[in-house]
Amino acid sequence: MSDVPSDIPEVLTMRSWLFAPGDSERKLAKAIASPADIVLLDLEDAVTPENKPLARQVVHDALQANAAGRSRLWVRINPLDGTAALTDLAAIMPARPGGIMVPKVNGREDVERLDHYLSAFEAAHGIPAGSTPVIALVTETAAAMFRTGDYKGAPRVVALTWGAEDLADSIGASDNRNADGSYGFTYELARSLCLLGAVAAEVAAIETIQGDFRDLDLLKARAEKMRRDGFRGMLAIHPAQVDVINAAFTPTAEEIAEAQAIVDLFAANPGVGAIGYKGGMLDRPHLSRAKQLLRQT
């Protein structure tokens, strides 16, 4: 682990994470103009091997052209187990991306290795040490599933997310869906392990994509459920999904008022473990959840 201090902001808005293929100037521009909290300029799955050199240049240029807002412009690099990741970083770090998404992470040692790479590039390009945050994709290989609880204190990591497609490929499965379209057990397990791993690491859990970008009603229902379950944001593959995701992961005025009332009630009754409220009983877990919700506002 790097021993340099981290200058990563304590609070990052990360409800919506919109992917855009790194080899398309048009799609990058459209994504950057969207209301996405974070735009993921993709050098991995969205780019064919022969187009990766072009994509690196396009992403570098997009970062430079949007310097004022590049804190929200992150880059998904290629996996660390090949040579492309270092080539990606060499191309993009001079343009100071807002953060890095690292795919197909097998365990904590991968993000620690990435920390060393980033520290070297930051030093080489006059970037404040430790200031480039990381989101890790932690369920894309079978081995990674057993390591999702290992990220507490991992350098630079501010969020964990999960994926079902590469996991199915890693396992050799022909499909990752049940007959009704829901994820199979193994992939629901991946979602749960990502959530639990993120909570254990005290970082944000980010829900994976919805491939059908036209069904916004389904997206709304799913995103709202994911926030209730504890996720703090969701990946997107189309700008049309962004407003729905942002709304779903923003507490409503009613929720904020209710949470504040609970906090105020316990503050007015110090030392109590449980207290009556609206015909029921509240205890300390209710207070904790109310405080967590208020921190999201």
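Arg-156 is buried, at a relative accessible area of 7%, where buried means under 20% relative accessible area, exposed means over 50% and partly exposed falls in between (1.4 Å probe, protein chains only). This residue belongs to the loop between strand S5 (134-137) and strand S6 (157-161); helices (H or I, at least four residues) and strands (E, at least two) are DSSP runs, numbered from the N terminus. The model is a predicted one, in which local features need pLDDT of at least 70, side-chain atom pairs count only at pLDDT 80 or more, and totals for chains, interfaces and linings use all residues. Residues are numbered from 1 along each chain as its sequence is written, and side-chain values use heavy atoms, with hydrogens and water left out.

The backbone at Arg-156 deserves a look too: its phi is near 75 degrees, a positive value in a residue other than glycine. Most residues other than glycine have a negative phi. Glu-202 also has a positive phi, near 60 degrees. Glu-202 sits in the loop between helix H6 (185-201) and strand S7 (204-207), and with 63% relative accessibility it counts as exposed.

| Residue | Relative accessible area | Class |
|---|---|---|
| Arg-156 | 7% | buried |
| Glu-202 | 63% | exposed |
| Gly-98 | 13% | buried |
| Leu-167 | 0% | buried |

Gly-98 is placed in the loop between H3 and S4. Setting aside residues up to four places away in sequence, Gly-98 touches Arg-70, Ser-71, Leu-73, Trp-74 and Pro-133, contact being heavy atoms within 4.5 Å. Gly-98 and Ala-67 are 31 residues apart along the chain, with 9.7 Å between their C-alpha atoms.

Leu-167 is part of helix H5 (residues 165-171). Beyond its neighbours within four places in sequence, its contacts include Thr-139, Met-145, Tyr-187 and Ala-190. From Leu-167 to Val-58 the C-alpha distance is 29 Å, across 109 residues of sequence.

Now to the helices. Which residues of helix H3 (residues 84-92) are buried? They are Ala-85, Asp-88, Leu-89 and Ile-92. Viewed down the axis of H3, these fall within an arc of 95 degrees, so they line one face of the helix; the arc is that of the directions from the helix axis to the C-beta atoms. Their cover includes H2, strand S3 (73-76), strand S4 (99-102) and helix H4 (108-124).

Helix H10 (residues 284-295) buries Leu-287, Ala-290, Leu-293 and Leu-294. Down its axis, the buried residues of H10 fall within an arc of 125 degrees, so they line one face of the helix. They pack against helix H7 (216-229), helix H9 (253-267) and strand S10 (280-283), while Arg-289 and Arg-295 are exposed on the other side of H10.

Finally, helix H1 (residues 25-33) packs with helix H2 (residues 52-65) at an angle of about 35 degrees, the axes being 11 Å apart. Axes are lines fitted to C-alpha atoms, for helices over the stretch in contact, and angles run from 0 to 180 degrees between N-to-C directions. Glu-25, Leu-28 and Ile-32 of H1 meet Val-58, Val-59 and Ala-62 of H2. By class, this contact of H1 with H2 has five nonpolar, no polar and one charged residues; Ala, Val, Leu, Ile, Met, Phe, Trp, Tyr, Cys and Pro count as nonpolar, Asp, Glu, Lys and Arg as charged, and the others, Gly among them, as polar.

Note on methods: The expected span of a helix is 1.5 Å times one less than its number of residues.
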